[in-house]
Amino acid sequence: MERLPGFRDFYPEPLPHAEAWSADARNHIFRAWRETARRYGFREYDGPPLEPLELFTLKSGEEIVGQLFNFVDKGERAVALRPEMTPTLARMIATSERAYKKPIKWFALPQLFRYEKQQKGRLREHFQLNCDIFGEADTAADAELIALLIDSLRALGLTHEDFVIRLSSRNAWQEFFAARCQDETKAYDFYQVVDKIEREKPEVTAQKLTALGIALDDVKHFIAAGEPTAELRTVIDNLAARGLGAFVKIDYNVIRGLAYYTGVVFEAFDKKGEFRAIAGGGRYNNLVKLISAGKVDLPALGFGMGDVVLLELLKSRGVLPKFTSGVDVVALVEDETLRPETLGLVQQLREAGLAVDYSLVPMKGDKQFKRALELAATHTVRLERGADGAVLAKVKNIQTREEKVVSPTDVIAALGR
Ligand code: HAM
């Protein structure tokens, strides 16, 4: 039976074929994400993968809503698999923000679902690191969030030669639009056109802009000038003070497709321009108010980083480690009469925190050793009965082939633990 298009099976390494997705690589990414979020003082949260459809239809904007996996459940509720985490988070904050000191700094690693055309870097399911801050309007928060984004990529071995954060401003674009078109209801249509400007044919863009009373050259000129707003300047200065200046540049091609953004926005891209966006985010100061029907008003900002493009980039830059089984020790059972003692030893080693494997059923000694090599274990341990009938343990370092003969109670010490 085939899996659904755009969905993934994750295998442990070594992978069954070159296109298979690696559960080890996924864990490697998740570990770096969690560890970086921890270093920045962010706390982990989670929410339900299935939500009322309405949560997304109102808040996310047309593009994402057109990509919803939605259906009517057995209780006649219109529901959708979450295509993004932000509306869920805004709801959680709106209901419970009083219980938390501000600024609230939270992260999550949700799996998200979008019914979009499958293409390079875009699937129907992906994981995201989401980091968001609530209750701080100062641009110091924007800089802090962007630093976290940069460091989560650096934690995976990428450098300023591999990626860049393109900084922009919805405010700047909003002012641009307001000076040229009085119909505020058209602003989101305009943002959508700008969002696609790098991917769309210029004639199509020009036509769409003309319909809004705006000239393509005017837009192009604004992008080329790239004049940073005062807000963006403070963000850049803040990042430069941390020594992270080389990771960011102003780029008004970025505007973000989602409807709720309000201020500073940004996207992370690989520097060679080979892949789609690695991450994207920005300010969304009105969303909590919208979701709480005006009851709670908190400034907010955040970003989402997907695992799909990121893994492509890590592979292409050769910065993924070699993944092994993680087994430290293989216990060899060559004398089946010593299996009960070997089980006792295995248990003892596992209780001491070592990863231990052994053959569940009788197997030839050389096959057991070969398996230890395949698992890339560092040591084997084998019990043997000495001439006097006493049980001895032989602890072998697989790499150096050095063998120590010790009492079974001294195995942990002989392993250097
Ligand atoms: P987004 O730009 O829609 O933002 O997604 C963020 C990242 O998720 C993208 O840059 C991309 O790497 C990845 N991504 C998106 N769709 C797919 C897909 N179909 N397949 C693979 N990867 C994908 C958001 O989702 C916002 N909610 C982020 C945010 C959080 N803004 C504020 N807080």
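My notes follow in the order in which I looked things up.

**Ground rules.** I am working with a predicted model, in which local features need pLDDT of at least 70 and side-chain atom pairs count only at pLDDT 80 or more, whereas totals for chains, interfaces and linings use all residues. I number residues from 1 along each chain as its sequence is written, and my side-chain values use heavy atoms, with hydrogens and water left out.

**Whole chain.** I counted 15 helices and 19 strands, taking both as DSSP runs numbered from the N terminus (helices H or I, at least four residues; strands E, at least two). The radius of gyration is 27 Å, well over the 22 Å that the globule rule gives for 417 residues, so the chain is more spread out than a compact globule; the radius is taken over C-alpha atoms, and the rule is 2.2 Å times the number of residues to the power 0.38. Along the principal axes, the C-alpha atoms fill a box of roughly 100 × 55 × 45 Å. Buried residues make up 49% of the 417, where buried means under 20% relative accessible area, exposed over 50%, and partly exposed in between (1.4 Å probe, protein chains only).

**The five-stranded sheet.** I traced an open sheet with mixed pairing in the order E16-E15-E17-E18-E19, counting two strands as paired if DSSP finds at least two bridges between them. Strands E16 (356-358) and E19 (403-406) stand at the edges with a single partner strand each, so one side of each is left without a neighbour in the sheet. From one strand to the next, the twist averages 25 degrees. E15 (residues 329-332) and E17 (residues 379-385) run parallel and are joined by four bridges; Val329 has His379 in E17 as its bridge partner, and Ala331 stands opposite Val381.

Helix H13 (residues 339-351) packs on this sheet, touching E15, E16 and E17, and its direction makes about 160 degrees with that of E16. Helix H14 (residues 365-374) also packs on the sheet, touching E15, E17 and E18 (391-397), at about 175 degrees to the direction of E15. I take contact as heavy atoms within 4.5 Å; axes are lines fitted to C-alpha atoms, for helices over the stretch in contact, and angles run from 0 to 180 degrees between N-to-C directions.

E17 pairs with E18 in the antiparallel sense over seven bridges, with Arg385 opposite Val391. The two strands form a hairpin with five residues between them, and Gly389 in the turn has a positive phi of about 90 degrees. Five of the seven residues of E17 are buried, so this strand is largely enclosed by the rest of the structure.

**Ser169.** I found Ser169 in strand E10 (residues 163-169), buried at 0% relative accessibility. Its side chain reaches the backbone nitrogen of Asn171 at 3.2 Å. Leaving aside neighbours within four places in sequence, its contacts include Thr229, Tyr252 and Val264.

**Backbone exceptions.** Most residues other than glycine have a negative phi, and most peptide bonds are trans. The bond from Glu13 to Pro14 is cis, with omega near 0 degrees, and a cis bond also joins Lys102 and Pro103, with omega about -5 degrees. Ala376, in the loop between H14 and E17, has a positive phi of about 55 degrees and is partly exposed at 38% relative accessibility.

Notes: Polar contact = N/O pair within 3.5 Å; in protein donor to acceptor, adjacent residues only side chain to side chain.
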